[in-house]
Amino acid sequence: MTELTDITSLLLSRIRDVADHPEPGVMFKDITPLLADPAAFSALTDALAAVAASTGATKVVGLEARGFILGAPVAIRAGLGFIPVRKAGKLPGATLSQAYDLEYGSAEIEVHAEDLSPDDRILIVDDVLATGGTAEASIELIRRAGAEVAGLAVLMELGFLGGRARLEPALAGAPLESLLKV
């Protein structure tokens, strides 16, 4: 338990609160100090790579944009491939897309379907679980591409926004691991 407490303390100490960003009344959780600290970033990468190993993942999907920053080193550390899930129109070539609703409007994400196969077990990695909309869309996208969702791993879960409750049905028993809960 000491190891978990130590990494939790380390990670929390490197996340900065920024008041009123991106709009008044929002307390933004800035992870750039964590990324700038090699010990903290390495500890985070190790912890998420351990989740990849425990889920039997064969590839890591990172969600644009901070999921790229976290997911790529996790994939390398775990010895797995990395696949970016991007905003619509950013990937060249043939893609699968998935639209989803936001608080005000909608958005769309895409993946190169040829990067996923029925033999793949995918761990989705992102920085924050908020309402769960992007993660839910990525789960659907991965399944539509023919791969299995092995789980979802995030640095931080904003529990008061209800993302976990939204995602549990979509995950269909696959684990949702958050290193920090706020």
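Modeller: Helices (H or I, at least four residues) and strands (E, at least two) are DSSP runs, numbered from the N terminus. This is a predicted model, in which local features need pLDDT of at least 70 and side-chain atom pairs count only at pLDDT 80 or more, while totals for chains, interfaces and linings use all residues. Residues are numbered from 1 along each chain as its sequence is written, and side-chain values use heavy atoms, with hydrogens and water left out.

Biologist: Which residues in α3 meet α4?

Modeller: In α3 they are Phe 41, Ser 42, Leu 44, Thr 45, Asp 46, Leu 48, Ala 49 and Ala 52. Their counterparts in α4 are Ile 69, Leu 70, Pro 73, Val 74, Arg 77 and Ala 78.

Biologist: And how many of them are nonpolar, polar or charged?

Modeller: The contact of α3 with α4 has 10 nonpolar, 2 polar and 2 charged residues. Ala, Val, Leu, Ile, Met, Phe, Trp, Tyr, Cys and Pro count as nonpolar, Asp, Glu, Lys and Arg as charged, and the others, Gly among them, as polar.

Biologist: Turning to the strands, which strands does β7 have bridges to?

Modeller: Strand β3 (residues 59-63) is joined to β7 by 4 bridges, and the two run parallel. Strand β8 (residues 148-157) also runs parallel to β7, with 8 bridges between them. Two strands pair if DSSP finds at least two bridges between them.

Biologist: Is β7 mostly covered or exposed?

Modeller: Strand β7 (residues 121-129) is mostly covered, with 7 of its 9 residues buried. Buried means under 20% relative accessible area, exposed over 50%, and partly exposed in between (1.4 Å probe, protein chains only).

Biologist: What is phi of Asp 20?

Modeller: Phi of Asp 20 is near 60 degrees, a positive value in a residue other than glycine. Asp 20 is found in the loop between β1 and β2 and is partly exposed, at 49% relative accessible area.

Conventions. Contact means heavy atoms within 4.5 Å.
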